[in-house]
Amino acid sequence: MSTDPLDGPTRRSRLARPAAPARRALAAAWRRKVVAGAADLTATVGARSCLVVAARPGDEVLGCGATIARKRAAGTEVDVVVVTDGRHLRPSRVLRPAEIAARLAVEAVDAGAMLGVGPAHLHLLGFEEGTLGRCRPELATVLGKLVRQLAPDEVLLPSADERDEERRAVHAVACRAVAESGIDLGAAAYHLDAWADPPAGLLAGGARHQVVRAERFRYLQQAALGRYRTRTANPTGELAWRTLSTLAVALLTGAEDISRPLSAEQLAARTEMPAGRRRSRGLPSRRQSGELVDTFDEPVARAEVLGSVASSGARRRGVDAEGTLSVVGGRLRLDHLRQPGWGRQGIAYGPFERQAGLAFAARVVSSHHNAHSLPGPRSPRALLSELRRTGPGRHLFRPGHEDNLLVGFHPQESPGEPTATGNAFVVHAAGAVNGELRAGVAGGHAPLVSGLAELAVTYVVVLRERGATYYVSGPEGAAGLGPWPSMRPVAVDVRDDAPVLFAGVHQAVHAESHYELASAVEEVRVAEVQIGGAGSLRRWGAGALAADTFVGFGALAASAAEVGGTWTSRATGFVRTSRGISPEGYGAAAGGAPEGRGAAEGGPAEGERAEGEGAAADVHLPEPAGLVHVLVRTSATPAETAWAGLHWRGDGTGGNGWRARVWRDRAELAVATDGRWQVVAEGPAHLPAAHESSLQVTDDGRTMGVLLDGRLLFDGWVADERHASGRVVGVLCRGADTVLGGFEAHGRQVPLPPGLGVTAPWDQRGERVVLGDDFEGSVGDLAVVERPGAPSWACSLGPGAIDLTGEGTARARADRHQPNPGRTLYTLAWDAPGFADLEVDMLPPGTARSQGHGSRGGLVFWQDADNYLVLNVWLDDSPTHDGSAVSLFLRSAGQEREANALWVNVGRAVTWGRRCRLGAASDGEHVMVRLDGEPVLYRRVSDVYDGADRLRIERVGLALNREWGDDTGTTFLAFLARAPGVGR
């Protein structure tokens, strides 16, 4: 049976229960009286951000739909919270309650879109209808968090005078959430069933109401209500199905929205908090403008960061569900979450209005880019419930968190998940290669960098009128990152148009399994910038070496690009149109099947001449391109032989270079050498009809990826350095109705914008060799054998040994039958305690997997037995991990916890029988680790243990560590220790 007093009679009883004329007349007369004496807020309501709280799906439209539409038309932020799922609203023998709830959820999204509220601003809490009596504490927690996160100018909630028990419960809990939020905001209650059957107390008078005239927005409200077919229609045809009464619909979608303001005393009456304790925390509800800087200069205790003041005066916003945020040592520290999940930890600033050229930069040291969590435990009852609800074809076990970090602009102050909205980087756990850097592109998360190492990464997102350009920077030599003080363009998005955004850094999970690592944000900046001397980024193509919308008239060949050089054509050319470029005279010239293959095959033959079929145009760049992008606009009925593509690393003659072509159902990657094409990769693709698709190539000179609407084609990245110095890029197309637009080509590096003012990260190197050992000498213990003129080693820790082999090497005294017995450290005296830069060449034991060998060889910075830092490679004959790693272990003040170990997965960079070089530089606080010259791991000792003292480096040397097993015989080939200053 329906629980909503707004519902009318069933079809069976409709003739027996006609609407009472007396009730209709009374309600209409009361409404006229209320309106006559109400305050008219129509002129000012559009300027105030709002949180609308509804008890069940549809109440938000009935109660204040016209107000929502008016606010959104003015560009004002509105969030809607629907508390219950409405599953028991409609008795049915055709639809199960869960199916009714699912229908209502979809209809809520459709109705919100009609009013201008996107999915990111619609919060469906999903409480089961009829259970709020026992779920009030949980609801209060959720609503309180939302109010604090959103900090709206006003909250609209159901009235306390409703006949419906669920609405009264929501009113009480929402009042408590507002009163206890500590935010000075307005609140008002809207009436629903009270209009159709007003209680006597409400008719007697009371506080003055306020109205917002619906005017033309009334039709949007009515259209939004029409989206709730489960409430307004009878989708099953059952006689017992109830729909909203015509009286309720007429009253609630009338000429105005009516609400009654709630005073601080009325709100406080629902909680134990006195009215006088409601105060402003200074959280800004209006949108920010101008430069924002936060360098975390002043310390802030745990759980007190939100609401504190950033360096430039802005208030810090976000979410801190477990009180894990603090400011210490000039950094924002994000400690380990006990319960992983989005919407639990993060800092945000804003809101900001989207404007082209507005940039957000943040340097972040994440706890672990491969951080992920296992699925949480679920009871048998919960599993059976899901089985009944979803059927046997669905997976019963929910996946854990594999996305761990979000940095950039997002429509929500505290994202509940890294959704496809907004323009932000997302770090995804990638297993043996560590992390995969992704970003919001074309409504999805596009993979941009594979093998993201554990470094201080500077993320830069520059907004456009639609979408953004993404850049990353790190220490010199880091894979996939631009070398400081430059940054690397990695992706373009041209779709997201969220008008209001928050800039922030959010984390969902730290490390893996039982490890507990902290993350750190070193600085955050927001400012309008220009990139690469190409002018203000208010221009859509600024920052690119070449860019062209392709809009215009006449031939593309010999015309100037809007940014960059002049277009040249190979084979068939293009003509500019009002929508972009199309192949010149395509229909007359090409007519039939392409050369080299039949129409059914469509692709090129092996060895086909580089000119090929279709139209092609190129532009010469001053340097090789690292990011090339074009929009492909297809017709409603594209031909099977139609394709579009990009050309890069070219030499201007068509004789050398790379190209990617995409058909409606497949894609191809090919390379040309001396004028002949060779297909490198083929795979499925989807170029939809009557659609604008984003096609882009990212290329750092060593590795390239091709993305179509944010999806990586060819099942991954392509590592190939052929023609890497080529400076010609272009577009390719075959198809009478295919149109190309939005072309842009960016370099592999651009300078960091000086307008952002991001400071340099720590990356100190030693230049003067102070100690060195090539391990020449007779056979014996390295710490015992006398070698005139050679450095004097000592075994500082451990029962194991490192022996000279007599062949110019030193080797762990171990094999696969008798591994090294635990941590062993051999050290040399060091007379520069403030800095050391170490390097060791090693040869892991064995020659291949399945021989039982493992390596734990590395380096040590030693103060004393209670304070030292160990860096080692990890190579193990493990059946569960087909890769290797570099690890960091810190012992501080006699304490060492395995849960605070740090590591970076490096794929197969370390393997059996192949020489590798491990380097590490440290000033006692910072440490930078390199593998074969490439930076892979950076940390501060205070990241490992909060408040750990700086290490005083008294000795340096070699390490054989214990890490999930022991070393079986690593060979050391050479050791160097450098200090600052000029030297060899």
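Seven strands make up an open sheet, ordered 10-13-23-15-16-17-18, with antiparallel pairing. Strands here are DSSP runs of E of at least two residues, helices are runs of H or I of at least four, and both are numbered from the N terminus; two strands pair if DSSP finds at least two bridges between them. Strand 10 (317–320) and strand 18 (444–452) are the edges, each pairing on one side only. On average, neighbouring strands of this sheet are turned by 20 degrees against each other, direction ignored, with axes taken as lines fitted to C-alpha atoms. Inside the sheet, strand 15 (residues 403–410) and strand 16 (residues 423–429) run antiparallel and are joined by six bridges. Val407 stands opposite Phe425 in strand 16.

The model is predicted: local features need pLDDT of at least 70, side-chain atom pairs count only at pLDDT 80 or more, and totals for chains, interfaces and linings use all residues. Residues are numbered from 1 along each chain as its sequence is written, and side-chain values use heavy atoms, with hydrogens and water left out.

Helix 5 (residues 165–180) has 16 residues and spans 23 Å from first to last C-alpha, close to the expected 22 Å, which is 1.5 Å times one less than the number of residues. Twelve of its 16 residues are buried, so helix 5 is largely enclosed by the rest of the structure. Buried means under 20% relative accessible area, exposed over 50%, and partly exposed in between (1.4 Å probe, protein chains only). Among the buried residues are Glu166, Arg167, His171 and Cys175. Asp164 caps the N-terminal end, with a side-chain oxygen 3.2 Å from the backbone nitrogen of Glu166. Just after the helix, Gly182 takes a positive phi of about 75 degrees.

Charged pairs come next. A salt bridge is a side-chain nitrogen of Lys or Arg within 4 Å of a carboxyl oxygen of Asp or Glu, and by this rule there are 57. One of them joins Arg260 to Asp161, with the closest N and O atoms 2.8 Å apart. This pair links distant parts of the chain, 99 residues apart: Arg260 lies in strand 8 (residues 256–261), Asp161 in the loop between strand 5 (154–158) and helix 5. Arg260 counts as buried at 14% relative accessibility, whereas Asp161, at 28%, is partly exposed.

Arg930 and Asp763 also meet in a salt bridge, 2.9 Å from N to O. Their separation is 167 residues, with Arg930 in strand 55 (residues 926–931) and Asp763 in the loop between strand 42 (750–751) and strand 43 (768–773). Arg930 is buried at 7% relative accessibility.

Technical notes:
Axes fitted to C-alpha atoms, helices over the stretch in contact; angles between N-to-C directions. Polar contact = N/O pair within 3.5 Å; in protein donor to acceptor, adjacent residues only side chain to side chain.
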